[in-house]
Amino acid sequence: MSRFGGVDCGSWFTKAAVIDASGNLLGRAAVRTGADIRSAARRALDEALAASGLSDGDLSSVWATGFGRDNVDFADGRRTELDCHARGVAHYVQGPLTIVDIGGQDTKVIRLDEKGRRVSHKMNRKCAAGTGSFLDEIALRLEVDVGELDGIAREYREDLELGSFCTVFAATELLAAIRRGTPPADLVRAAYRSLVKRVLAMDVFRGEVVATGGVVAHHPMVVELMEESLGVRVTVPPHPQEMGAFGAALAARAAAQAGAPARAGREDEE
């Protein structure tokens with residue numbers, strides 16, 4: 001039986017996924033990217049293979065995506081992040097829909113039609129607000145681990161708002177609020193609300209809304225605040241952090257089913 005691998009090289013985390021010929025997820029992993037992208041990609045894929053009880057030789061092909069995809073020299077093909085996230089979500093959720101992927105350094109809003117075809121997209125790459133970097137800055141100012149933020153925010157007493165979209169100015173606001181004695185829980189919830197406000201300002205959201213990415217996986221309150229702001233249920237599919245890697249594996253499977261040579265992978269346009 002054919003199996004396929006996908007690797008998503010993000011700026012902070014590199015993710016990997018292994019699937020079977022039916023598109024079922026067999027194993028997944030996420031490791032810190034660090035300075036050596038190729039090594040991170042190799043470690044992520046090895047961990048995903050171990051989780052699936054397979055070895056490298058069991059894979060028919062491996063495809064890569066993410067900002068570091070060109071550094072994955074063992075990849076047989078490559079796809080853009082937009083293609084892979086759309087492909088992965090469409091495997092689980094019927095369109096038309098709007099995908100919001102919130103990563104460490106950028107946020108993507110991707111629209112799919114009823115057949116799962118990508119019809120438009122927008123990306124936030126020039127500002128850290130609305131990304132995981134913003135939450136890391138908030139955690140640094142509060143001297144807590146970023147993984148603790150969601151739990152802290154759930155103890156909030158007052159709904160506050162940070163006035164600035166900019167990470168630098170928001171951090172300045174945060175320091176002023178800390179000096180005033182504002183409880184950390186109120187500040188973290190305000191930071192989440194600021195992030196959501198920035199994300200939702202990127203586009204008009206139509207159809208079903210689906211949220212993916214590491215921020216979505218580790219900060220559930222972000223999804224809750226999105227639902228509150230939009231007035232609709234936001235779907236979080238399985239393994240949201242590894243969705244890009246899953247989509248890359250699906251791209252590898254699609255190429256094999258189309259009879260393409262192992263190293264005939266092309267890039268989709270951004």
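The largest pocket has a lining of 32 residues, and Trp12, Phe13, Gly103, Gly104 and Gly214 sit nearest its centre. A pocket here is an open set of points on a 1 Å grid over the protein atoms alone, where a 1.4 Å probe fits, with protein on both sides within 12 Å along at least five of seven lines; lining residues have an atom within 4 Å of a point. Keep in mind that this is a predicted model: local features need pLDDT of at least 70, side-chain atom pairs count only at pLDDT 80 or more, and totals for chains, interfaces and linings use all residues. Residues are numbered from 1 along each chain as its sequence is written, and side-chain values use heavy atoms, with hydrogens and water left out.

**The largest pocket**
- Its space comes to about 580 Å³, counted as what probe spheres set on the grid points fill, with points joined across faces, edges and corners.
- The lining of the largest pocket takes at least three residues from each of domain 1 (1–93 + 241–262) and domain 2 (95–236); the domain bounds come from an automatic or database domain assignment.
- At least two lining residues come from each of β1 (3–9), β2 (13–20), α2 (81–92), β6 (97–102), α3 and α7 (214–218).
- Helices (H or I, at least four residues) and strands (E, at least two) are DSSP runs, numbered from the N terminus.

**The second largest pocket**
- This one has a volume of about 210 Å³.
- Its lining includes Asp83, Arg87, His91, Arg118 and Leu250.
- Helix α2 gives the most to this lining, with five residues, and α9 (243–257) supplies at least two.

**Helix α3**
- Within α3 (residues 132–142), Gly132, Ser133, Phe134, Leu135, Ile138, Ala139 and Leu142 are buried, meaning under 20% relative accessible area with a 1.4 Å probe, protein chains only.

**A buried arginine**
- Arg69 is in the loop between β4 (61–66) and β5 (77–78), and is buried at a relative accessible area of 11%.
- The Arg69 side chain reaches the backbone oxygen of Gly66 at 2.8 Å.

**Cysteines**
- The disulfide count is zero, where a disulfide is a pair of cysteine sulfur atoms within 2.5 Å.
- Cys9 has its closest cysteine sulfur in Cys84, 11 Å away, so the two are too far apart for a bond.
- Cys9 is buried, with a relative accessible area of 0%, and Cys84 is buried at 0% too.

Methods
Buried means under 20% relative accessible area, exposed over 50%, partly exposed in between (1.4 Å probe, protein chains only). A polar contact is a pair of N or O atoms within 3.5 Å; within protein, one must be able to donate a hydrogen and the other to accept it, and residues adjacent in sequence count only if both atoms are side-chain atoms.
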